[in-house]
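Please look over the structure below. A short report follows, arranged by topic.

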Amino acid sequence: MPDVIVIGAGLAGLRCGGILASQGLEVVVLEASDAVGGRQRTDIVDGFRLDRGFQVLNPAYPALRRSIDLDALALRGFPVGVRVRTAHGTAELRHPLRHPLSIIPTLRSGLVNGADAVALARWAAPALVRPLSRLAQDDVTVREGWDAAGLRGPLRTAVLEPFLAGVLAEDRGVTSNAFARLLVRYFALGRPGLPAQGIAAVPEQLAAQARRAGAELRLGSPVAHVRSRGEGVQVEVAGGDSLHAARVVVAVGPEAVNELTGLSTPATNGLQTWWFAAAEAPTSSALLTVDGRRRGPIVNTVVMTNTVPSYAPAGRHLIAATCLLPHGGDPSTESEVRRHLSGIWGTDVSAWELLRRDDIADALPTQPAPLEPARSPRFAARMYIAGDHRDTASIQGALASGERAARAVLVDAGVRE
């Protein structure tokens, strides 16, 4: 009988299983699908690397730096900034400290005035010096946070609102102000990018670490039921044998939490990503582009191959376009997306080949105000839970939650005080 069964080989489960195995426990990780990664998956489609939805990896995440060999990923970083489609053309806003020569063009863009710049600094500065627990005191929505800071001009409406809509997977401004500030801090400190082999390189590295530590990973093993039994836990694999372990960690996606734990299903926001192939790139810029005019469903679009050439065969280009995916609402149609893409890029996109559309209904757990502290991984006797829905809605949150669940198991098992 193994010491621990971990259900789910996403980031949280792999990180948890790897830590437990490295401490000498016998660990079995069960994964329902045919590969590790959960929401961090990459597929090869006609020679293109397509992540499951638009992904970015921020090397400033502390848990990522603790768990991953970033050099081995051959990370290619996006420029730190945003390209904005306006009624008069396009403007590029870059990190002013990293690109000081961009300050004058930014001021001339019409998107930033003195009052807005001061208001943004007033809103963002506390995140650079205060821990999240302090930021979360008297937390409000990000919309209310911007109002309180006096941020009301085009920097908000044409830049921050569309940009953060794609990051938070919502455009109503109801996300926690503290969480939005935390993300801005990470953007300010790091340079988000992608591994040359796709986002799947991250969970694959975690899986390799776990196997080297002695953990057993079983793919194609969906779990049907989890229940206490005697001095342990019984796990029933659909269509397979029952397994028993001293302890179980449930590290599944939000959609499966209730079924396996009895806990409430975490609320989530959805995203839809469209992947297009083109013979020519619509721009040489590698910046993420948003529509400051807000004239269509796309919250951001980017030429992936301007940053990560390995995402496409030689001589081809890969363009991603992401929209919000409303729960219970009608998703964006291809004609709407192509029409909006043409307006954003200022070019005819009719010849672009649609490679795939990813509808990710549970892309991110919601982070409403007031922001809750990270929740305990213990939910029943000898049972634990991990995932970004227990922490913050990010790769950082998933990894940190896996670490916290592992620590709880080690303490309860008497391996660590």
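## A hairpin to start with

In the hairpin of β10 and β11, which residue takes a positive phi? G230 does, with phi near 60°. The hairpin has two residues between its strands. This is a predicted model: local features need pLDDT of at least 70, side-chain atom pairs count only at pLDDT 80 or more, and totals for chains, interfaces and linings use all residues. Residues are numbered from 1 along each chain as its sequence is written, and side-chain values use heavy atoms, with hydrogens and water left out.

Strands are DSSP runs of E with at least two residues, helices are runs of H or I with at least four, and both are numbered from the N terminus. Strand β10 covers residues 223–229 and strand β11 covers residues 232–237. Six bridges join them, and they run antiparallel. Two strands count as paired if DSSP finds at least two bridges between them. R227 stands opposite Q234 in β11.

## The three-stranded sheet

β10 and β11 belong to an open sheet of three strands. The order is β10-β11-β12, and the pairing is antiparallel. β10 and β12 (242–245) stand at the edges, each with a single partner strand, so one side of each has no neighbour in the sheet. The twist averages 20° from one strand to the next. Such angles run from 0 to 180 degrees between N-to-C directions, and axes are lines fitted to C-alpha atoms, for helices over the stretch in contact.

Four bridges pair β11 with β12 in the antiparallel sense. Here V233 stands opposite A245 in β12. In a regular strand the side chains alternate between the two faces of the sheet.

## The six-stranded sheet

Another open sheet has six strands, in the order β9-β2-β1-β13-β20-β19. Its pairing is mixed. β9 (216–218) and β19 (378–380) are the edge strands, each with a single partner, so one side of each is left without a neighbour in the sheet. The twist averages 25° from one strand to the next.

Inside this order, β13 (residues 247–250) and β20 (residues 383–385) run parallel, joined by three bridges. The bridge partner of V248 in β20 is M383.

## Strand β3 and its partners

β3 and β4 form a hairpin with two residues between them. D46, in the turn, has a positive phi of about 55°. Four bridges join β3 to β4 (residues 48–51), and the two run antiparallel. D43 stands opposite L50 in β4.

V45 lies in β3 (residues 42–45). Leaving aside residues up to four places away in sequence, V45 touches L50, L355 and R356. Contact means heavy atoms within 4.5 Å. V45 and L355 are 310 residues apart along the chain, yet their C-alpha atoms are separated by 7.3 Å.

## Two crossing helices

Two packed helices are described by the angle between their axes and the distance between the axes. The axes of α7 (residues 154–168) and α8 (residues 177–189) come within 12 Å and cross at roughly 95°. The two helices are therefore roughly perpendicular. Angles of 65 to 115 degrees count as roughly perpendicular, under 35 as roughly parallel, over 145 as roughly antiparallel and the rest as oblique.

From α7, the contact is made by F163, V167 and L168, and from α8 by F179, L183 and F187. By class, these are six nonpolar, no polar and no charged residues. Ala, Val, Leu, Ile, Met, Phe, Trp, Tyr, Cys and Pro count as nonpolar, Asp, Glu, Lys and Arg as charged, and the others, Gly among them, as polar.

A169 is in the loop between α7 and α8. Its phi is near 65°, a positive value in a residue other than glycine. A cis peptide bond joins A369 and P370, with omega about -5°. P370 sits in the loop between β18 (353–365) and β19.

## Cavity and pocket

On a 1 Å grid over the protein atoms alone, a cavity is a set of points where a 1.4 Å probe fits but cannot get out; a pocket is an open set with protein on both sides within 12 Å along at least five of seven lines; lining residues have an atom within 4 Å of a point. Points are joined across faces, edges and corners, and a volume is the space filled by probe spheres set on them. The structure holds one cavity of 30 Å³ or more. About 30 Å³ of space lies in the largest cavity. Its lining includes L168, F179 and T366.

The second largest pocket has a volume of about 340 Å³. Of its 20 lining residues, P266, T366, E372, R375 and H389 are the closest to its centre. The lining divides into 10 nonpolar, five polar and five charged residues.
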